[in-house]
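Biologist: Could you show me the model, please, so that we can go through its packing and its rings?

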Amino acid sequence: MTKKHWILGPKGVIHDWRKFKLESEDHESVPSNKRELLRQMSNPKSSNDETRETVIHKMSVQEYEMIKEEDESCLRKYRRQCMQEMHEHLSFGPKFDALFELDSGEAFLDVIEKEHRLTLVVVHIYDDGIRGCDALNNCLTCLAAEYSTVKFCRIRASATGAGERFSDDVLPALLVYKAGELLGNFMSITKHLNEEFFAMDVENFLNEYGLLPEKEFAAGPDEDENADVE
């Protein structure tokens with residue numbers, strides 16, 4: 001949602017909701033008459049055959065029926081999207097959802113020094129054939145999906161430009177930064193975990209040191225089922 005629609009108030013929000021509904025519909029499964037109605041709702045001025053008042057009256061009745069019968073789930077999805085966009089608009093920092101590969105020492109320094117000041121950066125230093133490195137990569141991939149404001153990265157020890165510091169006996173290593181400051185420096189992190197560990201174990205370990213933010217609100221498919229959607 002654009003900034004201007006936050007300023008415009010209810011009319012701007014309704015317009016954005018209609019546009020979201022139109023874009024999110026599966027066009028292959030939606031009858032042509034309904035697609036046309038959604039198109040009109042998204043852009044009422046495009047109607048050539050009816051007066052604007054007639055179209056608005058027709059839209060309001062049919063839109064009500066659609067929302068009442070089938071649109072609650074889509075409306076919840078729209079509300080979650082609005083919350084995400086407002087979150088970003090209020091400068092809580094960018095969002096991520098993957099484990100990023102850093103291919104050089106320069107990229108390593110850039111992610112530490114140039115990332116948004118509010119972004120927590122977690123860097124896994126690994127190498128092939130080192131026990132626990134693959135498992136930690138998998139764990140961080142899972143955590144990246146749950147903590148979208150945290151930037152999870154990995155880099156081979158040989159690519160850091162400081163291979164002598166990250167020898168095999170201290171891998172896997174996990175470094176945590178924020179605003180260029182080192183907050184956590186864990187060498188041989190698998191020594192702090194069980195022999196077989198999972199994403200929850202890594203999450204709990206980082207939380208013990210207060211290094212992860214609270215998880216963001218993410219309503220499940222059945223959440224807010226009885227909530228007021230008006």
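Modeller: What follows is a short exchange on helix packing and aromatic rings. This is a predicted model, in which local features need pLDDT of at least 70, side-chain atom pairs count only at pLDDT 80 or more, and totals for chains, interfaces and linings use all residues. Residues are numbered from 1 along each chain as its sequence is written, and side-chain values use heavy atoms, with hydrogens and water left out.

Biologist: At what angle do H7 and H8 pack?

Modeller: Helix H7 (residues 133–146) packs against helix H8 (residues 199–208) at about 70°, and their axes are 8 Å apart. H7 is therefore roughly perpendicular to H8 (65 to 115 degrees).

Biologist: Which residues make the contact?

Modeller: On H7 they are Leu 136, Cys 139, Leu 140, Cys 142, Leu 143 and Glu 146, and on H8 they are Ala 199, Val 202 and Glu 203; contact means heavy atoms within 4.5 Å.

Biologist: Now the rings. How many aromatic pairs are there?

Modeller: The structure holds 4, a pair being rings with centres within 6.5 Å. One of them joins Phe 96 and Phe 100, edge-to-face (planes over 60 degrees apart), at 5.9 Å centre to centre and 90° between the planes.

Biologist: Is Phe 96 buried or exposed?

Modeller: Phe 96 is buried, at 10% relative accessible area (buried is under 20%, exposed over 50%, partly exposed in between, with a 1.4 Å probe and protein chains only). Phe 100 is partly exposed, at 30%.

Biologist: What lies over the face of Phe 100?

Modeller: Lys 151 does, at 4.9 Å from the ring centre; the criterion is NZ within 6 Å of the centre and within 35 degrees of the ring normal.

Biologist: Which residues form the aromatic cluster?

Modeller: Phe 186, Phe 205 and Tyr 209 form one cluster.

How values were computed
Axes are lines fitted to C-alpha atoms, for helices over the stretch in contact, and angles run from 0 to 180 degrees between N-to-C directions. Helices (H or I, at least four residues) and strands (E, at least two) are DSSP runs, numbered from the N terminus. Angles under 35 degrees count as roughly parallel, over 145 as roughly antiparallel, 65 to 115 as roughly perpendicular and the rest as oblique. Rings of Phe, Tyr and Trp (its six-membered ring) pair if their centres lie within 6.5 Å; planes under 30 degrees apart count as stacked, over 60 as edge-to-face and the rest as tilted.
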